[in-house]
Amino acid sequence: MPYEDIKNSILEVNEDMLSEALIQNLVKHLPEQKVLSELAQLKNEYDDLCEPEQFGVVMSSVKMLRPRLNSILFKLTFEEHVNNIKPSIIAVTLACEEVKKSESFNRLLELVLLVGNYMNSGSRNAQSLGFKINFLCKIRDTKSADQKTTLLHFIAEICEEKYRDILKFPEELEHVESASKVSAQNLKSSLAAMEQQIVHLERDIKKVPQAENQHDKFVEKMSISFIYLSILFIC
């Protein structure tokens with residue numbers, strides 16, 4: 001592609017011409033602004049320059065080139081990022097709703113609390129109004145005096161003998177297993193990174209100077225994209 005066409009495609013934010021791979025390569029190999037400014041001084045010697053220098057001369061005329069490229073790359077990859085984290089968000093959201101609405105799981109928690117209060121009778125933890133949810137992970141480690149059974153076995157036996165309706169709680173927690181595999185830290189980091197990029201996009205839209213080239217559609221197009229991406233991110 002002729003250098004002028006690449007430059008105009010960047011100014012126009014022409015997504016038909018600008019692929020993700022192209023923008024990534026430009027960002028990766030783009031000289032520092034100081035070097036671009038030095039190359040701009042050689043525009044009258046264009047024909048005597050080697051191809052990389054000629055390319056640099058053409059690109060140097062685009063103001064705020066690197067922020068433009070980063071913003072365009074974010075726009076091109078935004079839906080991919082959303083699609084990558086969306087299944088995790090959906091799984092966690094559905095799992096939370098299932099845990100809150102499951103009547104059998106709620107009754108199981110009541111039973112665990114009742115047994116716990118019975119075991120703690122006479123201690124300062126007697127008649128507790130609740131317990132931390134991570135205690136459920138410890139009931140299999142709480143063993144009987146003869147070490148032959150656990151609190152988990154005991155509660156399971158009670159459910160089988162007297163409260164069999166409680167045992168259907170796994171059926172009401174369909175998405176919990178997939179949600180348990182989601183890394184909260186990774187999800188939080190991904191969302192924070194996307195939010196930061198949206199903030200940078202808004203900042204760059206405000207900083208880009210008024211268009212001096214008829215091809216320069218960055219502010220016009222990216223302002224629309226900013227609104228669209230912000231709405232998508234919030235949703």
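The dialogue below goes through the predicted model of this protein and asks what each description of the structure rests on.

Student: What should I know about the model before reading any value?

Tutor: This is a predicted model, in which local features need pLDDT of at least 70 and side-chain atom pairs count only at pLDDT 80 or more, while totals for chains, interfaces and linings use all residues. Residues are numbered from 1 along each chain as its sequence is written, and side-chain values use heavy atoms, with hydrogens and water left out.

Student: How do you know how many helices and strands the protein has?

Tutor: Helices (H or I, at least four residues) and strands (E, at least two) are DSSP runs, numbered from the N terminus. By that rule the protein has 11 helices and zero strands, and the elements run α-α-α-α-α-α-α-α-α-α-α from the N terminus on.

Student: What makes the protein more spread out than a compact globule?

Tutor: The radius of gyration is taken over C-alpha atoms, and the globule rule is 2.2 Å times the number of residues to the power 0.38. For 235 residues that rule gives 18 Å, whereas the radius of gyration of the protein is 30 Å, well over that value, so the protein is more spread out than a compact globule. Along its principal axes, the C-alpha trace spans about 90 × 30 × 30 Å.

Student: What makes the phi values of Val13 and Gln147 worth a remark?

Tutor: Most residues other than glycine have a negative phi. Val13 is not a glycine, but has a positive phi of about 50°, and Gln147, also a residue other than glycine, has a positive phi near 65°.

Student: What makes a set of residues a nonpolar core?

Tutor: A nonpolar core is a set of buried Ala, Val, Leu, Ile, Met, Phe, Trp, Tyr and Cys residues joined through side-chain atoms within 4.5 Å. The largest such core has 30 residues, of which Ile10, Ile23, Leu65, Leu69 and Leu201 touch the most other members. Helices supplying at least two residues each to this core include H1 (3-12), H2 (20-29) and H5 (65-101), and the largest share, seven residues, comes from H5. Apart from this core lies another, of 12 residues, among them Leu111, Leu151, Ile155 and Cys159.

Student: How do you know which residues Leu69 is in contact with?

Tutor: Contact means heavy atoms within 4.5 Å. Leaving aside its neighbours within four places in sequence, Leu69 is in contact with Ile10, Ile23, Leu26, Val27 and Leu30.

Student: Which residues of H4 are buried, and what covers them?

Tutor: In H4, the residues Gln54, Gly56, Val57, Val58 and Met59 are buried, and their cover includes H1, helix H3 (33-40) and H5.

Methods: Buried < 20%, exposed > 50% of the residue type's maximum accessible area, 1.4 Å probe, protein only.
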